[in-house]
Amino acid sequence: MFEKILIANRGEIALRVIRAAKEMGVQTVAVHSTADSDAMHVRMADEAICIGPPSSNKSYLSIPAIISACEVTGAQAIHPGYGFLSENSKFVQIIEDHDLKFIGPTAQHIQIMGDKITAKETMRELGVPCVPGSPGEVDTLELANQIAEEIGYPIIIKATAGGGGRGMKVAASKSEMSDAFTTARSEANSNFGNPAVYLEKYLGTPRHIEIQVFGDGAGNAVYLGERDCSLQRRHQKVFEEAPGPTIDAGIRQNIGKVCAEAVASINYAGAGTIEFLYENGEFYFIEMNTRLQVEHPITEAIYGVDLVKEQIRVAAGLPMQLTQEKLKVNGHAIEVRINAEKLPNFSPCPGKITQFHAPGGLGVRLDSAIYDGYVIPPYYDSLIAKLIVHAEDRPAALSRLKRALGELIVDGVDTTIPLFNSLLSEEDIIKGNYNIHWLESWLGKS
Ligand code: MV4
């Protein structure tokens with residue numbers, strides 16, 4: 001096992017990793033910008049190193065600063081959290097070149113999944129069901145028109161260097177193709193420095209279902225069921241639940257096996273998420289995330305596992321403790337993301353937290369790095385807490401969520417807490433009757 005690891009992140013996820021490391025007897029090094037000197041991750045780690053000014057580009061995204069912090073402190077491995085450098089294959093390569101360990105997959109796996117065309121091609125060859133679409137890049141309008149005729153409209157054009165909703169254009173019919181294709185390519189080029197785009201059949205009312213997988217890097221992998229993350233606004237998840245309200249044990253096992261076998265056969269190491277659109281009982285692969293995700297705690301709740309400890313173990317070369325036969329779904333979990341944002345426009349609302357009280361009791365987890373008097377800096381994302389509830393079934397989890405939200409106090413800044421109180425009285429939410437468009441449509445009405 002490592003003696004010391006460095007956490008190249010901030011906020012609640014830095015605390016999440018520090019907690020796992022401490023329980024494993026592993027020393028922790030926090031890194032921080034000058035804007036984060038009073039941040040909780042700095043206080044909670046065994047050591048802390050200032051790596052630069054507030055701007056992420058000069059601190060949390062500065063590879064030389066982070067590598068130097070490892071060398072100064074003697075940290076042997078780096079946990080990237082999510083966001084920042086977590087899916088940067090160049091960073092992983094540099095870590096390896098410095099004889100340090102990256103707590104996550106190889107640079108090669110990150111690179112394959114980072115390019116959405118190679119990701120889809122890889123998954124298709126491994127037997128993962130994909131959205132019907134172009135076999136690879138489409139570089140002329142003639143080819144785009146020809147493939148669109150074969151697949152049928154509506155068509156979605158996606159940038160291979162995009163992902164997470166960035167760089168997409170929909171063409172409802174042939175008359176919209178020329179504009180959509182030309183715009184998609186030129187935007188891909190200016191936004192990502194890569195003009196390559198590909199085509200897919202546009203699915204109208206799917207759910208976003210993602211499968212959690214975990215590999216040991218030596219040909220073994222497990223699946224830990226699904227999460228339904230359909231409730232999103234502008235491609236930002238707001239409310240996630242596990243299991244998915246429309247997924248039964250048979251469906252879970254079928255898609256889970258396909259995903260675990262796929263990642264096992266490429267010797268994938270660590271946590272990964274395979275994202276699907278799910279419509280009319282069919283799964284369609286869209287992207288794979290090669291990191292620990294924000295919403296991982298709902299999976300931890302229903303499977304009773306610690307994904308971060310498992311990541312650290314595997315990175316240290318120890319055998320994976322997860323085995324498929326021991327992984328059994330228990331109950332239902334929901335996460336809501338509490339952002340320092342002002343409704344109805346979700347505009348960022350940094351500032352001082354004048355009062356904070358965390359909810360508690362059975363089946364309640366609050367992952368947060370805020371405290372009474374904490375000043376939320378304006379430089380980073382607005383997630384300030386994740387409230388996770390776990391109960392015996394979905395109705396009990398919804399009741400528990402309502403109860404826990406009632407206990408939670410965050411004063412001094414606006415937050416998304418009122419949104420969740422409203423959502424919990426919506427019949428569609430109570431019934432689990434929603435798709436990827438439900439939230440934006442509902443927000444548009446209210
Ligand atoms: C799609 C789609 C419909 N059809 N692909 C958006 C994020 C990126 N990961 C993929 N996205 C979509 N891809 C096909 N072929 C609709 C979306 C989409 C979406 C997906 C998941 C969650 C929310 C979404 C909101 C709008 C569009």
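Trainee: How far is a nitrogen atom of the ligand from an N or O atom in the side chain of Lys158?

Mentor: Keep in mind that this is a predicted model, where local features need pLDDT of at least 70, side-chain atom pairs count only at pLDDT 80 or more, and totals for chains, interfaces and linings use all residues. Residues are numbered from 1 along each chain as its sequence is written, and side-chain values use heavy atoms, with hydrogens and water left out. A polar contact is a pair of N or O atoms within 3.5 Å; within protein, one must be able to donate a hydrogen and the other to accept it, and residues adjacent in sequence count only if both atoms are side-chain atoms. For Lys158, the distance to the ligand nitrogen is 2.9 Å.

Trainee: And what separates a polar side-chain atom of Glu287 from a nitrogen atom of the ligand?

Mentor: Glu200 also has a side-chain N or O atom 2.9 Å from a ligand nitrogen. For Glu287, the value is 3.0 Å.

Trainee: What share of the ligand's area does the protein bury?

Mentor: Accessible areas come from the Shrake-Rupley method with a 1.4 Å probe, and for residues only the protein chains shown count as cover. Taken alone, the ligand exposes 530 Å². The part of that buried by the protein is 92%.

Trainee: Which residues come nearest to the ligand?

Mentor: A residue is near a molecule or strand if one of its heavy atoms lies within 4 Å of it. By class, the shell has 8 nonpolar, 5 polar and 5 charged residues. Of the 18 residues around the ligand, the nearest are Lys158, Glu200, Lys201, Leu203 and Glu287.

Trainee: Which strands each supply at least two residues of that shell?

Mentor: Strands (E, at least two residues) and helices (H or I, at least four) are DSSP runs, numbered from the N terminus. The ones you want are β6 (155-163), β8 (197-201), β12 (269-279) and β13 (282-289).

Trainee: Between which domains does the ligand lie?

Mentor: The bounds come from an automatic or database domain assignment, which gives domain 1 (4-103), domain 2 (132-201) and domain 3 (207-445). Two of these give residues to the shell, so the ligand lies between domain 2 and domain 3.

Trainee: How many residues does the contact take from domain 3?

Mentor: Taken over C-alpha atoms, the centres of domain 2 and domain 3 are 30 Å apart. Contact means heavy atoms within 4.5 Å. Domain 2 puts in 7 residues, and the number from domain 3 is 4.

Trainee: Let's move to Glu300: buried or exposed?

Mentor: Glu300 sits in helix α10 (residues 296-303). Buried means under 20% relative accessible area, exposed over 50%, and partly exposed in between (1.4 Å probe, protein chains only). At 4%, Glu300 counts as buried.

Trainee: Which residue has its backbone nitrogen 2.7 Å from a polar side-chain atom of Glu300?

Mentor: Apart from neighbours within four places in sequence, Glu300 touches residues including Arg16, Asp306 and Arg365. The backbone nitrogen at 2.7 Å belongs to Leu307.

Trainee: With which side chain does the side chain of Arg252 make a polar contact?

Mentor: Arg252 is in helix α9 (residues 249-265) and is buried, at 12% relative accessible area. Not counting residues up to four places away, it touches Tyr223, Pro243 and Tyr303, among others. The polar contact, at 2.8 Å, is with Glu226.

Trainee: What about Glu125, how far is its C-alpha atom from that of Ala262?

Mentor: Glu125 lies in helix α6 (residues 116-125) and is exposed, at 61%. Along the chain, Glu125 and Ala262 are 137 residues apart. Their C-alpha atoms are separated by 9.1 Å.

Trainee: Which residue does a cis peptide bond join to Leu343?

Mentor: Most residues other than glycine have a negative phi, and most peptide bonds are trans. The bond from Tyr153 to Pro154 is cis, with omega near -5°. In the other case omega is about 5°, and the partner of Leu343 is Pro344.

Trainee: Last one: what is the phi of Asp99 near?

Mentor: Phe84, not a glycine, has a positive phi of about 40°. Asp99 is in the loop between α4 and β5 (101-102) and counts as exposed at 73%. Its phi is positive too, near 55°.

Technical notes:
Ala, Val, Leu, Ile, Met, Phe, Trp, Tyr, Cys and Pro count as nonpolar, Asp, Glu, Lys and Arg as charged, and the others, Gly among them, as polar.
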